[in-house]
Amino acid sequence: MELGISSFGEMKPDGVAGQAVNAHRRMQELLEEIKLADEVGLDVFGLGEHHRPDFLVTAPEVVLAAAATLTRRIRLSSAVTVLSSADPVRVFQNFATLDLVSNGRAEIMAGRGSFIESFPLFGYDLNQYDELFTEKLDLLLNINKSEIVTWEGNLRASIEGRGVYPRPIQPAIPIWLAVGGTPASAVRAGTLNIPMTVAILGGTPDRFVPFVNLYRQAARNAGHDTTQQKLGINSQFYLADDSQRAADEFFPPYEILMNRVGRERGWSPITRAHFEQMRQLGPLMVGSPEQVIDKILYFHELFGNTRYIAQTISGYGIPHARTLRSIELFGTKVAPAVRKALGVSAVATV
């Protein structure tokens, strides 16, 4: 079981062309969070790619390269790379460069993205949302396997016997597929035998068991050995020394985030009662270390997952010191207890 953190780098928009004070401060905080996650023994830190004023990270690999110079062993991943609106050659080159900088700690978590701003920004047609992802994932996987690439595409120019450089120090860059619950995504990941990460942001966790089973069945149908499959579960997270304090500190920024996104998508407003239900019965990992330990172990009973990623939302009003405390508790209290219960060790130093 690997345990880690992910962040979108939430921030208060600066609304300026230059002198982005909020962005600068939030970037320094984010690097400090990654450094602490490494120091307290967590296994992975992921950064999500967004192209909005309220999220800092548009180029995860650049931030992760900076973090590589501040850390020793933690794996550094995107969470996610919006592959549909990116060029797979450039994605591979950037992460291979990160791999060289970090001494072999780079990972790519590829997804279609939960927001659509990158499509008009980079000139892609939203009507080709799925086709773009399917084709670009195929190219990325081919580049990862071979130095010299011959590949034919419909929506992206074909490649005829071209080398893609640099190559990583790892034998291959680990590529995960990030999904949100679409059955076709689970079938794709299983058929291709790609590690899958499931983001659970609503509902009860047990509702996702058939989805995970679909992933494993697709892998078996394709002739893959499912005993070696990697599966990640991701949910929103906040730790404090006691449960009530964690809930009281986390709810205000959670309400801001979810209702801001909800207004764009036509969701009903989040209430404190709904939040408490999500905390008790849903996927929210918000509470004391003991509560979070129990819930991570419950997730493992449900899914048999090999990785759990805790998503922070610290940039919406939680003081930076409290976020650092949350990460510290995760690394020093939760992670050792989970590993002991499951009989596993922390991932060895790269």
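**The largest pocket**

Student: How do the residues of the lining of the largest pocket divide into nonpolar, polar and charged?
Tutor: This is a predicted model, in which local features need pLDDT of at least 70 and side-chain atom pairs count only at pLDDT 80 or more, while totals for chains, interfaces and linings use all residues. Residues are numbered from 1 along each chain as its sequence is written, and side-chain values use heavy atoms, with hydrogens and water left out. Counting Ala, Val, Leu, Ile, Met, Phe, Trp, Tyr, Cys and Pro as nonpolar, Asp, Glu, Lys and Arg as charged, and the others, Gly among them, as polar, the lining divides into 24 nonpolar, 19 polar and 5 charged.

Student: Which element gives the largest share of the lining of the largest pocket?
Tutor: Helices (H or I, at least four residues) and strands (E, at least two) are DSSP runs, numbered from the N terminus. The elements that give two or more residues to this lining include β5 (106-111), β10 (231-239) and α8 (243-265). The largest share, 5 residues, comes from α8.

Student: Is Thr 312 buried or exposed?
Tutor: Thr 312 lies in strand β12 (residues 307-312). Leaving out residues up to four places away in sequence, it has contacts (heavy atoms within 4.5 Å) with Ile 5, Ser 6, Ser 7, Glu 10 and Phe 237. Buried means under 20% relative accessible area, exposed over 50%, and partly exposed in between, with a 1.4 Å probe and protein chains only. Because its relative accessible area is 4%, Thr 312 is buried.

**Backbone details**

Student: What is omega for the peptide bond from Tyr 165 to Pro 166?
Tutor: Most residues other than glycine have a negative phi, and most peptide bonds are trans. Pro 166 is in the loop between β7 (159-163) and β8. The bond from Tyr 165 to Pro 166 is cis, with omega near 0°.

Student: What is phi of Asn 103?
Tutor: Asn 103 is in the loop between α3 (88-101) and β5, where it counts as exposed because its relative accessibility is 59%. Its phi is positive, although the residue is not glycine, and the value is near 60°.

Student: With which side chain does the side chain of Asn 94 make a polar contact?
Tutor: Asn 94 is found in helix α3, and it is partly exposed because its relative accessible area is 25%. A polar contact is a pair of N or O atoms within 3.5 Å; within protein, one must be able to donate a hydrogen and the other to accept it, and residues adjacent in sequence count only if both atoms are side-chain atoms. At 3.0 Å, the partner of the Asn 94 side chain is the side chain of Glu 61.
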